[in-house]
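Subject: Structure for your review

Dear colleague,

Please find below the structure that I am handing over to you. I would be grateful if you could look through it together with the notes that come after it.

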Amino acid sequence: MTQTTNSIYGGAAYVGISINGSAWTDISGHSNKVSPGGGDRNQGKAYTFDGEYPIVKVGKMNERQTRIDLIYTEQSGDAYEIARGQFIAAGGGTMYARWSPGGGDVGDKLYTTDAGFVQDFSYPEIDAEANGPMKAYFVIQHATITPSTLATAV
């Protein structure tokens, strides 16, 4: 296979969050990393008396966790405060995430989580020796990520 010439620059991505799955807040200017994880498939194995190798079967998928790193701010309505509000909500507040590596233009891929909840949330860590903006993160636990192609820009 020849080397690709179609790589995508990740520094101009679109990132959005929602608490209802229909009204989205663009947090591209507050976030700087999206790390989807989990979702591995369960498996089982069994050995028999006759044979050296196991009998292997696959099972159901595990849940996913999508971590979003962002710049810490203190204004209401900013990404940090939206995530904090859903994290402290009684029973766990609903949260969705979506991101487009290409920036969210027509024809770009869009990855969208199903309804989840904020499983983990970082309060600001302060460091007198740190340079640059303070950072924070939150993790949404959910079941699936659905890829699509944008018919209209986000």
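This is a predicted model: local features need pLDDT of at least 70, side-chain atom pairs count only at pLDDT 80 or more; totals for chains, interfaces and linings use all residues.

Strand E1 covers residues 14-18. Five of its five residues are buried, and E1 is thus described as mostly covered. The burial concerns both faces of E1. On one side are Tyr14, Gly16 and Ser18, and on the other are Val15 and Ile17.

E1 pairs with two strands. With strand E7, which spans residues 94-100, the pairing is antiparallel and comprises five bridges. Within E7, Arg98 is the residue that stands opposite Gly16. With E2, E1 also runs antiparallel, and two bridges join them. Here Ile17 has Thr25 of E2 as its bridge partner.

E1 and E2 form a hairpin with six residues between the strands. Among the residues of this hairpin, Gly21 adopts a positive phi near 85°.

Ser22 lies in the loop between E1 (14-18) and E2 (25-26). Is Ser22 buried or exposed? Its relative accessible area is 58%, and residues over 50% count as exposed, so Ser22 is exposed. The residues of E1, by contrast, are buried.

Ser22 and Ala89 are separated by 67 residues in sequence, and their C-alpha atoms are 19 Å apart in space.

Yours sincerely,
A colleague

Technical notes
Residues are numbered from 1 along each chain as its sequence is written. Side-chain values use heavy atoms; hydrogens and water are left out. Helices (H or I, at least four residues) and strands (E, at least two) are DSSP runs, numbered from the N terminus. Buried means under 20% relative accessible area, exposed over 50%, partly exposed in between (1.4 Å probe, protein chains only). Two strands pair if DSSP finds at least two bridges between them.
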